[in-house]
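Hello,

Here is the model we talked about. Please look it over; my notes on side-chain contacts follow.

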Amino acid sequence: MTSPYILTAESGRFFSPFLTLPSCASHYQVLNGLARQTAKPNTSSSSFLHFSNLGMIDRTRMENLRRNNINSSRRGWTMRPEVSAEATVQHKDLVGRICKIIHLEDWEDTEEFMKSIAKDLKPDVVLEVLNRQTDALKALRFFQWMDKQNGYEHHTDAYSTVIEILGKAKLFSEIQVLLQQMRSSGCEISVTILNSLINLYGIDSKIKEALEVFDFIKIEGYMPPVSSYNAILSVLVNNERLNTAENMFTEMRGNGVCLNKDTYTHMIKCRCRKGNLDGAINLLDDMIQNGYTVDVVNYTFVISSLCRRGRMEQASEIFDKMKRNGCEPNIVTYNSMIIGLCFVGRVEEALEWLSIIKSKGCKPNIYTYTLLVDNFCKVGRLDEAKEIFSEALMSGIKLTVVTYNALVNGYCKGGKLGEAFLLLEEMNENDCMPDIITYSTIIYGLIKENKLLEALKLHDQMADKGYELYMKTMITLFRRLCRNAYAKDAIGLFRKMQNRGHRHNALNYYLLIHTHAAEGEIDMAHTLFHEMLGKGLSPSLMTYNTIIKGFCRQKRLGEATKMLGFMVENGVDPNIISYNILIKEYHKLGMIEGAEQLYSAAIKRGVFPSRKAEPCFEVTVQTLEINGESLGL
């Protein structure tokens with residue numbers, strides 16, 4: 001009688017094929033019988049389901065089997081024959097030829113060579129062909145073709161390989177088909193495959209599906225091994241599902257699953273990301289008490305998290321403990337300490353760590369120098385920042401655009417624009433291309449110093465090199481140009497912003513209208529006024545007053561008066577400034593009757609302008625607001 005159990009070389013193999021999970025499956029459930037460490041047949045399952053009652057295959061036994069040239073197959077253990085050098089060459093040639101053929105169109109029907117060798121292809125050849133594939137669909141196509149060949153049966157390794165390839169290509173529906181195919185063929189779905197599937201779902205942020213695969217193990221009534229717990233913990237932590245990871249960790253401990261080094265690593269990362277640093281430190285202590293060697297990665301994760309929160313005393317204690325326990329810090333550990341010291345404003349101590357790094361035979365990297373340059377710039381110590389920058393350059397490290405930008409930013413904020421431009425030239429000479437941040441930083445520095453035309457020139461140079469300035473920076477430059485009465489330059493930048501798809505608001509139109517009207521270009525201002533109307537924007541009271549005043553300055557009282565009427569028609573109430581502008585101009589031209597009519601109209605609307613047309617309030621861009629947005633630029 002054939003045994004219903006299948007022995008495989010994969011660790012922890014005791015699982016039935018994974019198909020569809022019931023909706024009641026929950027990763028928080030702890031089902032009856034989970035404490036069983038040895039799998040037993042599930043009599044309620046389909047006749048296709050197979051479980052191993054042989055427990056875990058220990059590594060020593062597996063190593064002995066490998067030394068004795070024993071290979072595992074789906075149906076038991078077989079001796080692997082010795083392979084000669086000539087046979088190895090023939091094997092590689094065959095694999096290479098097959099790989100070329102399966103990239104052709106319709107190769108299944110047209111390639112006689114494939115038809116001739118199909119019945120003699122061995123699983124190891126098939127597996128190597130699959131491993132060489134970068135196109136997931138071509139790999140699946142070859143896999144399915146082999147499955148149709150008489151007398152050939154895929155082994156677990158082949159299924160596992162194709163599932164891995166499909167998972168990386170995010171072809172999860174095809175994976176489901178393969179799992180059903182495995183079930184139909186009686187091929188075991190091992191813990192390795194399930195763990196791989198958990199990880200593949202996690203990489204694609206499919207948390208629900210990853211949890212369902214994990215729950216499948218428990219639904220069958222078996223204890224998930226530590227490798228499966230580690231797989232799901234990794235997925236949860238890397239996808240920031242930190243509370244769920246904590247719950248899973250609690251369940252794992254409650255079920256008596258023995259934690260290993262990977263478990264601790266995932267949970268230390270989890271607690272650091274949650275901000276539970278005391279809990280992370282406790283896990284470090286647990287690792288040591290349970291006989292595990294804490295490596296530099298785990299120490300550094302905790303030190304880095306403490307430093308980023310300014311807890312330097314504790315970070316120093318962990319750093320010292322790390323060294324006492326024989327674990328040497330790496331450059332990431334040292335950089336973390338520098339970050340922490342800079343964070344709490346202790347930049348001198350941070351600089352001392354540069355000497356410590358060198359004395360320990362650990363080479364500072366570009367990140368080390370960039371941290372120090374940036375933080376010395378932030379506290380205004382530009383000369384020292386430049387010295388550190390120069391040291392990095394002389395050490396032979398290739399400086400990145402990030403390092404240059406740190407010093408450029410320091411110079412611009414410190415008003416040293418000349419030095420910033422010299423650095424810009426140096427970047428080009430050192431084959432370090434400036435990026436949008438470099439240009440934007442210098443442009444902001446020029447705006448701050450009111451060197452607007454230089455800023456505009458640099459913007460144009462950026463555009464010529466294919467860079468697009470941040471829209472926020474362009475708006476700032478545009479408004480400064482308006483404030484300083486650069487009407488021609490302002491409208492040029494205004495149009496460039498439109499060409500990039502920016503939709504100007506009523507404030508920007510007002511600024512441009514005001515600038516042109518102030519320069520005596522009332523016709524352009526009037527054109528812009530109607531343009532904003534055409535775009536569905538509502539001119540403000542100040543915009544109307546600006547147009548009215550512009551017409552009055554050119555003694556075009558008819559158009560100014562029409563604008564007042566248009567203003568009323570559009571539901572904007574004229575104020576005392578609106579009437580005073582017109583009344584004053586009517587008086588200046590000796591049109592007293594017109595002035596009196598305007599005065600009467602104003603009184604009827606509840607506005608009380610100056611009958612003698614006293615000098616009206618001068619509208620200035622620096623003192624205005626639209627919808628609460630101040631124009632003080």
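Y599 is buried, at 17% relative accessibility. Here buried means under 20% relative accessible area, exposed over 50%, and partly exposed in between, with a 1.4 Å probe and protein chains only. Y599 sits in helix α32 (residues 592-604). Helices are DSSP runs of H or I with at least four residues, strands are runs of E with at least two, and both are numbered from the N terminus. I583 is 16 residues from Y599 in sequence, and their C-alpha atoms are 7.3 Å apart.

This is a predicted model: local features need pLDDT of at least 70, side-chain atom pairs count only at pLDDT 80 or more, and totals for chains, interfaces and linings use all residues. Residues are numbered from 1 along each chain as its sequence is written, and side-chain values use heavy atoms, with hydrogens and water left out.

Aromatic pairs

There are 17 aromatic pairs. Rings of Phe, Tyr and Trp (its six-membered ring) pair if their centres lie within 6.5 Å; planes under 30 degrees apart count as stacked, over 60 as edge-to-face and the rest as tilted. F478 and F494 form a tilted pair, because their planes meet at 40°, with ring centres 5.6 Å apart. The pair links helix α25 (residues 471-483), which holds F478, to helix α26 (residues 487-499), which holds F494. F478 is buried at 0% relative accessibility. F494 is buried too, at 0%.

Y544 and F566 are also tilted: centres 6.5 Å apart, planes at 50°. Y544 is in helix α29 (residues 541-553) and F566 in helix α30 (residues 557-569), 22 residues apart. Y544 is buried at 1%, whereas F566 is partly exposed at 27%. Elsewhere, ring pairs join W107, F142 and W145 into a cluster.

Salt bridges

The count is 29 salt bridges, each a side-chain nitrogen of Lys or Arg within 4 Å of a carboxyl oxygen of Asp or Glu. D523 and R556 form one of them, at 2.9 Å from N to O. D523 lies in helix α28 (residues 522-534) and R556 in the loop between α29 and α30, so the bridge ties together parts 33 residues apart in sequence. D523 is partly exposed, at 46%. Shared partners join K170, D204 and K206 into one salt-bridge network.

E349 and R346 form another bridge, with their closest N and O atoms 2.8 Å apart. E349 is partly exposed at 32%, and R346 is partly exposed at 34%.

Best wishes
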